[in-house]
Amino acid sequence: MLTQTSYEHIHLDDNMVPVISGTTMKVIELALEHIAHGWSPEELKYQHPYLDLGQVYSALAYYYDHKDKLDFEIEERLKKADSIQAKIGKTSLRQKLQAKGLL
């Protein structure tokens, strides 16, 4: 079951996670690319040709209107990723890349 939001191109999935309508892309994923790469809405559209510009702007509007909550979610995801990486340790591939100066 999907719950419509006041954002034309955004709905909440069964877990109440904001998703771009007609796709499986979560708003937080697009927001992360916007933040990490500094990509404009037009660049985000270019990187995701299956999205239209209205969907991109709607997702960014949703992100900025719920910035505190979504930024908290981003921080939690980063902590979890760091925890997993600490448990795994350095892989042989990582060691090879570091030895070549690629990481």
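Trainee: What does the secondary structure of the protein chain come to?

Mentor: Keep in mind that this is a predicted model. From the N terminus on, the elements run β-β-β-α-α-α-α-α. The secondary structure therefore comes to five helices and three strands.

Trainee: Good start! What radius of gyration does the protein chain have?

Mentor: Begin with the C-alpha trace, which spans about 50 × 30 × 25 Å along its principal axes. For 103 residues, a compact globule would have a radius of gyration near 13 Å. The protein chain, by contrast, has 17 Å.

Trainee: And how much of the protein chain do buried residues make up?

Mentor: A residue counts as buried when its relative accessible area is under 20%. Among the 103 residues of the protein chain, the buried share is 29%.

Trainee: Now to the charges: which residue meets Lys67 in a salt bridge?

Mentor: Lys67 is partly exposed, at a relative accessible area of 34%. The side chains meet at 2.6 Å, N to O, and the partner is Asp71.

Trainee: Which residue forms a salt bridge with Glu76, and how far apart are the closest N and O atoms?

Mentor: Glu76 is partly exposed, with a relative accessible area of 33%. The partner is Lys79, with the closest N and O atoms 3.6 Å apart.

Trainee: How many salt bridges does the structure hold?

Mentor: Besides those two pairs, Glu73 forms a salt bridge with Arg77, at 3.4 Å between the closest N and O atoms. Glu73 and Arg77 are also four residues apart in helix α4. The structure's count is three.

Definitions and conventions: Residues are numbered from 1 along each chain as its sequence is written. This is a predicted model: local features need pLDDT of at least 70, side-chain atom pairs count only at pLDDT 80 or more; totals for chains, interfaces and linings use all residues. Side-chain values use heavy atoms; hydrogens and water are left out. Helices (H or I, at least four residues) and strands (E, at least two) are DSSP runs, numbered from the N terminus. The radius of gyration is taken over C-alpha atoms; the globule rule is 2.2 Å times the number of residues to the power 0.38. Buried means under 20% relative accessible area, exposed over 50%, partly exposed in between (1.4 Å probe, protein chains only). A salt bridge is a side-chain nitrogen of Lys or Arg within 4 Å of a carboxyl oxygen of Asp or Glu.
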